Amino acid sequence: MTLQDLFNEKPTQLWNKRMVEYGDDLFTEEKLLMSDKVLDNYLNQLILLQETKHPESIMKAVEEIVITFNELNDANDYFIETMEREELAEFIDKAARLAGLEIEEQDITEEWREW
């Protein structure tokens, strides 16, 4: 698996499915589009960083996406609940590790995460 593959495995696909198939009202098209944009930006950052595998730069990208989702969640009626938190944290971690991050820490989002 590569970082490129993750563009097709974003948690927003699961969120969209829950919205469409189950009428989950946590989500709107606007929230999904905003979330997709943030995730795409994160993946593009990591693609640029994977050559160097510089852990501090990768963790800075993690910090930025977590803070951005903190702000997005706060401004949009707190749409990140338990299931979404787990899916999003897992995605962020998986992408960082594919970019070359090698650390023991289990949850790399916890330090900054408010969702």
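# Close-up views of a predicted helical model

**View 1. The loop residue Asp-77 lies between helix 4 and helix 5.** Helices here are DSSP runs of H or I with at least four residues, numbered from the N terminus. Asp-77 has a positive phi of about 60 degrees although it is not a glycine, and at 66% relative accessibility it counts as exposed, a word used for over 50% relative accessible area, where buried means under 20% and partly exposed what lies in between, with a 1.4 Å probe and protein chains only. Tyr-78, found in the loop between helix 4 and helix 5, likewise is not a glycine and has a positive phi, of about 55 degrees. The model is predicted, so that local features need pLDDT of at least 70 and side-chain atom pairs count only at pLDDT 80 or more, while totals for chains, interfaces and linings use all residues. Residues are numbered from 1 along each chain as its sequence is written, and side-chain values use heavy atoms, with hydrogens and water left out.

**View 2. The largest nonpolar core holds 33 residues.** A nonpolar core is a set of buried Ala, Val, Leu, Ile, Met, Phe, Trp, Tyr and Cys residues joined through side-chain atoms within 4.5 Å. Tyr-42, Leu-46, Val-62, Ile-65, Phe-69, Leu-88 and Ile-92 touch the most other members of this core. Two or more residues come from each of helix 1 (3-6), helix 2 (11-22), helix 3 (29-49), helix 4 (55-75) and helix 5 (82-98), and helix 4 gives the most, with eight residues. Leaving aside its neighbours within four places in sequence, Ile-65 is in contact (heavy atoms within 4.5 Å) with Val-38, Leu-39, Tyr-42 and Ile-92.

**View 3. Helix 3 and helix 4 pack at an angle of about 175 degrees, with their axes 10 Å apart.** Axes are lines fitted to C-alpha atoms, for helices over the stretch in contact, and angles run from 0 to 180 degrees between N-to-C directions. The two helices, helix 3 and helix 4, are therefore roughly antiparallel to each other, the term for angles over 145 degrees, whereas those under 35 count as roughly parallel, 65 to 115 as roughly perpendicular and the rest as oblique. By class, the contact of helix 3 with helix 4 has twelve nonpolar, four polar and one charged residues, where Ala, Val, Leu, Ile, Met, Phe, Trp, Tyr, Cys and Pro count as nonpolar, Asp, Glu, Lys and Arg as charged, and the others, Gly among them, as polar.

**View 4. The axes of helix 4 and helix 5 come within 10 Å and cross at roughly 160 degrees.** Helix 4 and helix 5 are therefore roughly antiparallel to each other. In this contact, Ile-58, Val-62, Ile-65, Val-66 and Phe-69 of helix 4 meet Leu-88, Ile-92 and Ala-96 of helix 5, and by class there are eight nonpolar, no polar and no charged residues.

**View 5. Helix 3 and helix 5 pack with their axes 10 Å apart, at an angle of about 20 degrees.** That angle makes helix 3 roughly parallel to helix 5. Leu-39, Tyr-42, Leu-43 and Leu-46 of helix 3 make the contact with Leu-88, Phe-91, Ile-92, Ala-95 and Ala-96 of helix 5.

**View 6. Glu-71 lies in helix 4.** Glu-71 is exposed, with a relative accessible area of 52%. Glu-71 and Trp-115 are 44 residues apart in sequence and 9.7 Å apart in space, C-alpha to C-alpha.
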